[in-house]
Amino acid sequence: MTKPGNNNCMQDNIIRKTDYRRFEYRINPVSAAHHDVITKIYNRIEKYFKDRPECQVERKIHSSYENRYYTIFFATIDDSKMFELTFAEYINTQGLNYD
């Protein structure tokens, strides 16, 4: 696990929570190891949604200048909370409390 204040792209909390129902993570790797982390998380997220067909969610890939991001936007806060609990070890809230 990375220490607070470390801005390394490969830190464990690679998924960024940007709103009550919105998450995103960078999908253009900066190294082979970063690619492995992105692939691992992507596969876990895809399995998560495949196992929950009732979950109403919008998932998109978008570009922002030099970076590409995978965004996840939930229709309900309940689904968002369940996702957050499942992937807590990977989520960075940027110091904000969304309770």
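A residue is called buried here when its relative accessible area is under 20%, exposed when that area is over 50%, and partly exposed in between, with a 1.4 Å probe and with protein chains only taken into account. The structure is a predicted model, in which local features need pLDDT of at least 70 and side-chain atom pairs count only at pLDDT 80 or more, whereas totals for chains, interfaces and linings use all residues. Residues are numbered from 1 along each chain as its sequence is written, and side-chain values use heavy atoms, with hydrogens and water left out.

Of the 99 residues of the protein, 28% count as buried. The protein exposes about 6,600 Å², of which carbon and sulfur atoms supply 49%, the accessible areas being computed by the Shrake-Rupley method with a 1.4 Å probe. Its secondary structure consists of two helices and five strands, where helices (H or I, at least four residues) and strands (E, at least two) are DSSP runs numbered from the N terminus. Read from the N terminus on, these elements follow the order β-β-α-β-β-α-β.

Strands of a sheet pair through backbone hydrogen bonds, either parallel or antiparallel. In this model, the five strands form an open sheet with mixed pairing, in the order β3-β4-β2-β1-β5, two strands being taken as paired if DSSP finds at least two bridges between them. The edge strands, each of which pairs on one side only, are β3 (57–64) and β5 (91–92). Strand β3 runs antiparallel to β4 (residues 67–74), to which eight bridges join it, and Val57 has Phe74 of β4 as its bridge partner. Helix α1 packs on the sheet, touching β1 (15–17), β2, β3 and β4, and its direction makes about 25° with that of β4. Helix α2 (residues 77–86) also packs on the sheet, where it touches β1, β2, β4 and β5, with its direction at about 125° to that of β4. For these angles, axes are lines fitted to C-alpha atoms, for helices over the stretch in contact, and the values run from 0 to 180 degrees between N-to-C directions; contact means heavy atoms within 4.5 Å. Among contacts between residues at least 6 apart in sequence, 58% join residues at least 24 apart.

Aromatic rings of Phe, Tyr and Trp (its six-membered ring) are paired if their centres lie within 6.5 Å, with planes under 30 degrees apart counted as stacked, over 60 as edge-to-face and the rest as tilted. By this rule the count comes to eleven aromatic pairs. The rings of Phe23 and Phe74 have centres 5.9 Å apart and planes at 90°, so this pair is edge-to-face. It links distant parts of the chain, Phe23 lying in strand β2 and Phe74 in strand β4, 51 residues apart. Phe23 is buried at a relative accessible area of 0%, and Phe74 counts as buried at 0%. The rings of Phe83 and Phe87, with centres 4.7 Å apart and planes at 35°, form a tilted pair; Phe83 is buried at 0% relative accessibility and Phe87 at 1%. Ring pairs link Phe23, Tyr48, Phe49, Phe74, Phe83 and Phe87 into a cluster.

Asn28 is placed in the loop between β2 (22–26) and α1 (32–50) and is buried, with a relative accessible area of 18%. A polar atom of the Asn28 side chain lies 3.1 Å from the backbone oxygen of Glu66, and a polar atom of that side chain lies 3.1 Å from the backbone nitrogen of Arg68. Not counting residues up to four places away in sequence, Asn28 touches His34, Ile38, Glu66, Asn67 and Arg68.

Definitions and conventions
A polar contact is a pair of N or O atoms within 3.5 Å; within protein, one must be able to donate a hydrogen and the other to accept it, and residues adjacent in sequence count only if both atoms are side-chain atoms.
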